[in-house]
Amino acid sequence: MITKPKGTMDLVGKDALLYTYISHVVSNMMTSYNYELIRTPLFENSELFHRSVGKSSDIVRKETYDFQDKGERNLTLRPEGTAGIVRSFIENKMYASPDTKKFYYNGTMYRYERPQTGRMREFTQFGVEVLGSNDPIIDAEVISLQYRILEELHISDLQVNINSLGDEESRLKYREALVKYLEPHKDELCPDCQERLKINPLRCLDCKIDGEKDVIKKAPKTIDYLNEDSKKRFNKVLEYLDLLEVDYEVNPSIVRGLDYYDHTVFEIVSLSNVSNEHSVLGAGGRYNKLIKELDGPDSYGIGFACGVERIIEILKTIDLYNNLEPQIDCFVMYVSEEEKLHALTITQNLRLNGVICETDSQNKGLKGQFKEADRLNSKYLIILNNEDLKKGLVNVKDNATKEEEKIDIDEIVEYIIGNL
Ligand code: HAM
């Protein structure tokens, strides 16, 4: 038997219903906030991720799916969405118009991770990227949009953990202070962090192993090294978040595992579901230098991404999931071939008029079809028989009240729609 690759999942049944529900909520909310859908390739030139997510990030060092195609091009399955969207922004010269570009996406990402609950090798993210504005109003919009989507999905106790890395000057000053502090404690760090200390010391702060050690907890905080402009900017973001009634906490240990961030960085958790590092439902931040680093103009960017599988895990624990049952509007039942021809056209007419409709495809007897209609929670049953059909009539049964009525075959669509 061929099984699915490690770290992937088949989404079927109730979980698939949840996925559809999440996608609906996401696209409705994105539309209200005036975000435009963008789709970029599932694979990109490997260099894109080396230069954006960063050579020193865990993702690029250990987790990308890299391959050569038949033309010997080095390609990588996307581990995240930001890099591809920024590439598209530059390649398609979207910066030529001065407006703020607001994109959203919903698609699969690939990381070669050690699979466990909430950590997959193939997973789905929805997210946004806003390009071309450095106004803190956008930082607040992006964070509150993420917050409101999760709230709309019935996830409770949401909290945004927010921090600022500041501009380049602040970051450099902080990096220097951090290295000076960590160097004498080098032996207390895990082998990965000893390496990180050389290539990207900030990464030590959110290390899964060292993060809980005293040496890291007592390390200098980014927020104490912000210059005046960066501090002012961060305070504005917090002021706007207060106004939008987003529940946040300034958390100086949020530095994020991707190289491209500056200024605002954030993660969102559901406090009643915080059990491990995989309880982070979504995260993001500002990346004002990335566009230039990818050979674009000096411009600005900020975004977030949320993990759909993690959201599904949480939604499975609430009532919404238990009440999630398949339900159709109408099941059309028949026995003879003549009745089947009518079933085919009646079913199509109902479907084309927006009625969720099913008919038998297993040559079941009437008893089996009643069972199938019950399994699908059908609201109405249309039971065809030759005698009635000859008179131009069909039998309609309301499956809740069990009342039956004979209806003119030409009026069946109107009748069902009128009663739904
Ligand atoms: P990230 O923190 O790497 O950021 O991922 C964002 C979210 O994706 C995580 O909080 C988590 O919910 C989900 N996620 C990440 N890896 C996995 C995995 N292996 N299995 C399941 N879920 C996962 C980014 O990807 C950035 N591109 C976010 C961003 C957008 N920054 C700016 N714009």
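**View 1. The largest cavity is lined by Leu165, Arg171, Asn200, Leu202, Arg203, Val255, Arg256, Leu258, Asp259 and Tyr261.** This is a predicted model, in which local features need pLDDT of at least 70 and side-chain atom pairs count only at pLDDT 80 or more, while totals for chains, interfaces and linings use all residues. Residues are numbered from 1 along each chain as its sequence is written, and side-chain values use heavy atoms, with hydrogens and water left out. The largest cavity holds about 60 Å³ of space, and one cavity of 30 Å³ or more turns up in a search of the whole structure. On a 1 Å grid over the protein atoms alone, a cavity is a set of points where a 1.4 Å probe fits but cannot get out; a pocket is an open set with protein on both sides within 12 Å along at least five of seven lines, and lining residues have an atom within 4 Å of a point. Grid points are joined across faces, edges and corners, and a volume is the space filled by probe spheres set on the points. The cavity lining has five nonpolar, one polar and four charged residues (Ala, Val, Leu, Ile, Met, Phe, Trp, Tyr, Cys and Pro count as nonpolar, Asp, Glu, Lys and Arg as charged, and the others, Gly among them, as polar).

**View 2. The second largest pocket has a volume of about 410 Å³.** Here 20 residues form the lining, and Arg171, Arg175, Asn200, Asp259 and Lys289 are the closest to the pocket centre. Helix α6 (168-182) gives the largest share of this lining, five residues; α2 (46-54) and α10 (290-293) each supply at least two. Helices (H or I, at least four residues) and strands (E, at least two) are DSSP runs, numbered from the N terminus. Sorted by class, the lining has seven nonpolar, five polar and eight charged residues.

**View 3. The ligand sits among 27 surrounding residues.** Glu80, Glu113, Met120, Arg256 and Tyr261 are the closest of them (a residue is near if one of its heavy atoms lies within 4 Å). Strand β10 (280-286) contributes to this shell, as do β6 (122-131) and β11 (301-307), and the largest share, six residues, comes from β10. The shell has 12 nonpolar, eight polar and seven charged residues.

**View 4. Glutamate 80 places a side-chain N or O atom 2.6 Å from a ligand nitrogen.** For methionine 120, a backbone N or O atom is 2.8 Å from a nitrogen atom of the ligand. Glutamine 125 brings a polar side-chain atom to 3.0 Å from a ligand oxygen.

Notes. A polar contact is a pair of N or O atoms within 3.5 Å; within protein, one must be able to donate a hydrogen and the other to accept it, and residues adjacent in sequence count only if both atoms are side-chain atoms.
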